[in-house]
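Please look over the sequence and structure first.

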Amino acid sequence: LDDRDGKIWMDGELVDWRDAKIHVLSHTLHYGCGVFEGVRAYNTVNGTAIFRLAEHTERLFNSAKILRMKIPFSQEQVNEAQKQVVRENKLDSCYLRPLVWIGSEKLGVSPKGNKIHAMVAAWAWGAYLGDEGMKRGIRVKTSSYTRHHVNITMTQAKAVSNYSNSILANMEALDDGYDEALLLDASGFVSEGAGENIFVVKGGVVYTPDLSAGALNGITRNTILHICKDLGIEVVQKRITRDEVYIAEEAFFTGTAAEVTPIRELDRVEIGIGSRGPITEKIQSAFFDIVNGRNPKYAHWLTKV
Ligand SMILES: Cc1[nH+]cc(COP(=O)(O)O)c(CN[C@@H](CCC(=O)O)C(=O)O)c1O
């Protein structure tokens, strides 16, 4: 990604893509205290627009607050920065990555006195778990790694340091021939994917783990709750066991990158018909109607760039 042309917003300025560098003694590179977001802009029927920009920026600031980092910009400035990088890079649809990190004034566990920096980059990024997966569903493995306990890492912060857990789970799944990992919490209940929230369908009801299982409070997860309400589908947020996933009729992952990706197998156990289920398909198409600006009820979720 580092050898592209284009512009990156960095500490309030637009810099050339290849010059957007930081010092190797930057505190976050050593200790992982940093926060980030994953945001998508879509080429909607009314032009390029960022999906739920305000909610993503609010979560970025909440993540920073949880990690005791004071971002030296306002939410409005970070919103404008995201619109600017989409325009400057002439992207009609893209993935945006805001990141906030701690500078290189000094090392040592305490970052007190170090400068806080922010950047926003944007690039084209298609189906996170593959086009085929979006239709046919993907193959998932229950990870041998456990999702964070809610008081070991701060699971409501989208924190850089939280992702070594996700990386290990994802690498193990890929090395074992699967497409993605599903993590259980410290009590053995289903938490979430390495980079996604999970939903299962049984008897026409949609279930998703409640946030006590350490999953990130996903913005796409929240979008699905609205979609299910519109479709008259009951949603229950509760503790879910791995065998409830095995005997579900349908299952799917959600995320900004993953969007709505059906799960066809968990640990080589076929889920339902072993491909995208009918309720998953309805939710998936309602999602794409919304992000592409075809559902006027959610026009306020789309910020034109
Ligand atoms: C751990 C985790 N859980 C749930 C989600 C879904 O949250 P939301 O995007 O607000 O619906 C994400 C987003 N994962 C981001 C990072 C992916 C990456 O590989 O990096 C994303 O989807 O952008 C997670 O990283």
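## A glycine in a loop

Gly 272 sits in the loop that connects β16 (269-270) with α8. The model is a predicted one. In it, Gly 272 has a relative accessible area of 39% and is partly exposed, because values between 20% and 50% are classed that way.

Apart from neighbours within four places in sequence, the contacts of Gly 272 are Ala 248 and Glu 249. Glu 37 is 235 residues away from Gly 272 along the chain, and their C-alpha atoms are 33 Å apart.

On the α6 side the contact is made by Thr 220, Thr 223, Ile 224, Ile 227 and Cys 228; on the α8 side it is made by Ile 283, Ala 286, Phe 287 and Ile 290. Of the residues in this contact, seven are nonpolar, two are polar and none is charged.

## Helix α2

Helix α2 runs through residues 53-66 and has 14 residues. From first C-alpha to last it reaches 20 Å, close to the 20 Å expected at 1.5 Å a residue. Its buried residues are Leu 53, His 56, Thr 57, Arg 59, Leu 60, Phe 61, Ser 63 and Ala 64. In an α-helix there are 3.6 residues a turn, so residues three or four places apart point the same way.

Arg 68 follows α2 and has a positive phi, near 60 degrees.

## The nonpolar cores

The largest nonpolar core contains 29 residues, and Met 69, Leu 96 and Val 100 have the most contacts inside it. At least two residues of this core come from each of β4 (39-44), α2, α3 (75-88), β6 (94-102) and β7 (116-123). Another core, of 21 residues, lies apart from it and includes Ala 49, Cys 228, Ile 283 and Val 291.

Beyond four places in sequence, Val 100 touches Gly 34, Val 35, Leu 60, Met 69, Ile 71, Ile 116, His 117 and Ala 118.

## A leucine in strand β2

Leu 14 belongs to strand β2 (residues 13-16). With a relative accessible area of 29%, Leu 14 is partly exposed. Not counting residues up to four places away, Leu 14 is in contact with Lys 7, Ile 8, Trp 9, Gln 84, Val 85 and Glu 88. Asp 267 is 253 residues from Leu 14 in sequence and 46 Å from it in space, C-alpha to C-alpha.

Notes:
Residues numbered from 1 in each chain as written. Predicted model: local features only at pLDDT ≥ 70, side-chain atom pairs only at ≥ 80, totals over all residues. Heavy atoms only, no water. Helix = DSSP H or I, 4+ residues; strand = E, 2+ residues; numbered from the N terminus. Expected span 1.5 Å × (residues − 1). Buried < 20%, exposed > 50% of the residue type's maximum accessible area, 1.4 Å probe, protein only. Core = buried A, V, L, I, M, F, W, Y, C linked by side-chain atoms within 4.5 Å. Contact = heavy atoms within 4.5 Å. Nonpolar A, V, L, I, M, F, W, Y, C, P; charged D, E, K, R; others polar.
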